[in-house]
There are 2 protein chains.
Amino acid sequence: VQAGSVIVMSVPSASFRDVTTQVAALCEPDDMVISATKGIERRPQGGGFLLMSQILDELLPTRRVGVLSGPNLAEEIADGHYTGTVVASRDDGVCDTVRQVLRSATFRVYANSDVYGVELAGALKNIYAIICGIAGGLHVGQNTMGMLITRSLAEMSRLAVSLGANPFTFLGLAGVGDLMVTCTSPLSRNYQLGSRLAQGLSLDQALEDMGKLAEGVNTLGVVCDRARELGVYMPLAFGLHRLLFDREDIGAVVTELMTGGQPIDVEFARPDSTLTVGAG
Amino acid sequence: VQAGSVIVMSVPSASFRDVTTQVAALCEPDDMVISATKGIERRPQGGGFLLMSQILDELLPTRRVGVLSGPNLAEEIADGHYTGTVVASRDDGVCDTVRQVLRSATFRVYANSDVYGVELAGALKNIYAIICGIAGGLHVGQNTMGMLITRSLAEMSRLAVSLGANPFTFLGLAGVGDLMVTCTSPLSRNYQLGSRLAQGLSLDQALEDMGKLAEGVNTLGVVCDRARELGVYMPLAFGLHRLLFDREDIGAVVTELMTGGQPIDVEFARPDSTLTVGAG
């Protein structure tokens, strides 16, 4: 590895810690290490979870870390479809370098300084892809799908803010851009899982039928635990949890969504919001 | 009209001023008047445009005005599909009353206090539906569509902020919810116009072929004029304007989008953003 190099890590979240340990042995303090992995790691003890950038910060000798995320289907990038992505780092120099190194005539890189927000968006969206897969399997209309995706954004950003992220990140490519694509794409494993659940299969049956894992299931468990600890209201995630693990009827989950206690369109837009943008 | 009534006005924007004048003659200071019209009115002189709520404020004897917007296809509401909408008013009592009056087991109403933001989102989205119709007609991939819709949100909220609206509104049902549905729906006239433009028809040919107007064309002209006056960077809207009215090649428009000067994912998320949320 040459000093000042850019290393992009795209490995499954379950192997991320091991690979980072190996990279750490090769990496210089000037190097830039960028995670392209969308996932979370459950903390072995003490509750909560770690994001991939937190594993990089913990193990690497460089502070020049960042993350990449966005609506980026690899096959489409390879085929030359116009694609936008986000690089997020607290170090503006990392963002500038990654933008220069990765950009091409068909690939555009935008910058964001909210690392946790970008990572949380990429990880959390898998939960909502399952929900939209269920909705798609039930042949809901466009009004319903638009409401589901928007309310998904509301609760994703609500949790993210409670963890110190910036809700505006959810207005960008890693937020709404990636969510929209994942939640309407039958190519997503999480969406496929939802479709099977809509047919009446149990979680175990659906996973067996697919023959592969859906990342959103693990994310769901960890995130619901954390949201309960923090007192964050996430009716869609909690409803999916009851549907998957308590086999609650979908009608009850829908009723909670339509009659739940939170009447505000966008909480952060309220004049009495205590959020200070840019504080973090 | 009974005192303290709720009047919902859903008329074409071209007739809105006339109908409001008639309503004004019947309306009491306690009545609540809500616009469900998505559109703008070009100011006859002096440049710029008025939103429907500004026409209500100008002509009515009541200050209790509001607007309704969101991903709300009328046919789907009538068919009982689950639907979410937004009521926006500076008067919390108006929001509460409308929420109670309109809600049902399948229709949920969320509140927002950012009236102009909600109206601007509903009007501006028609411009981006034309652009997404072009993209759909060119068979772009999901990465590209995700980028287009997200960058549409970026420039819609940029203009809205310069007009005093709250960018967070674009994270809600009237913003991303409505935009996403309109920009992926072949039912939208604006999307249909875009599809025809992608086939190589001129604007006049495409409109003649459709046999009906697309609201986004008028909105585009007024909005581009205003954005130039205010110095707001809107590469997608300006590019569409050159495509429609100067018959510029689509390749040049795409190149500007992929190489343009604005490298930030979400401007309002920057630590140096001067935006103060909740000030308005």
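**The interface of chain A and chain B**

Guide: The model is a predicted one, and the part to look at is the interface, where 69 residues of chain A are in contact with 69 residues of chain B. Chain A and chain B bury about 5,600 Å² between them, and 57% of that area lies on carbon and sulfur atoms. On the side of chain A, the residues that lose the most area to chain B are Asn143(A), Phe168(A) and Leu171(A), which together account for 14% of what that side buries.

As for the kinds of contact, the rule finds 22 residue pairs in polar contact across the interface, both residues being at pLDDT 80 or more, whereas it finds 0 salt bridges there. The elements that give two or more residues to the side of chain A that touches chain B are helix 3 (74-78), strand 6 (83-88), helix 4 (92-102), strand 7 (107-112), helix 6 (142-162), helix 7 (173-183) and helix 12 (250-259) of chain A. Of these, helix 6 of chain A supplies the largest share, with 10 residues. Sorted by class, the side of chain A that touches chain B has 34 nonpolar, 26 polar and 9 charged residues.

The arrangement of the copies comes next. The same surface serves both copies, since 100% of the contact residues of chain A recur in chain B.

Phe168(A) deserves a separate look. The structure holds 1 aromatic pair over all chains, and this pair is formed by Phe168(A) and Phe168(B), which are stacked with 3.9 Å centre to centre and 10° between the planes. The pair crosses between chains, from the loop between helix 6 and helix 7 of chain A, where Phe168(A) sits, to the loop between helix 6 (142-162) and helix 7 (173-183) of chain B, where Phe168(B) sits.

Finally, although the interface has 0 salt bridges, the count over all chains comes to 24. One example is formed by Asp225(A) with Arg42(A), whose closest N and O atoms are 3.3 Å apart; this pair links distant parts of the chain, from helix 10 (residues 215-230) to strand 3 (residues 40-42) of chain A, 183 residues apart.

Terms used. Residues are numbered from 1 along each chain as its sequence is written. Chains are lettered from A and ligands numbered from 1 in the order in which they are written. This is a predicted model: local features need pLDDT of at least 70, side-chain atom pairs count only at pLDDT 80 or more; totals for chains, interfaces and linings use all residues. Side-chain values use heavy atoms; hydrogens and water are left out. Contact means heavy atoms within 4.5 Å. Buried area is the accessible area (1.4 Å probe) that two parts lose on being put together, summed over both. A salt bridge is a side-chain nitrogen of Lys or Arg within 4 Å of a carboxyl oxygen of Asp or Glu. A polar contact is a pair of N or O atoms within 3.5 Å; within protein, one must be able to donate a hydrogen and the other to accept it, and residues adjacent in sequence count only if both atoms are side-chain atoms. Helices (H or I, at least four residues) and strands (E, at least two) are DSSP runs, numbered from the N terminus. Ala, Val, Leu, Ile, Met, Phe, Trp, Tyr, Cys and Pro count as nonpolar, Asp, Glu, Lys and Arg as charged, and the others, Gly among them, as polar. Rings of Phe, Tyr and Trp (its six-membered ring) pair if their centres lie within 6.5 Å; planes under 30 degrees apart count as stacked, over 60 as edge-to-face and the rest as tilted.
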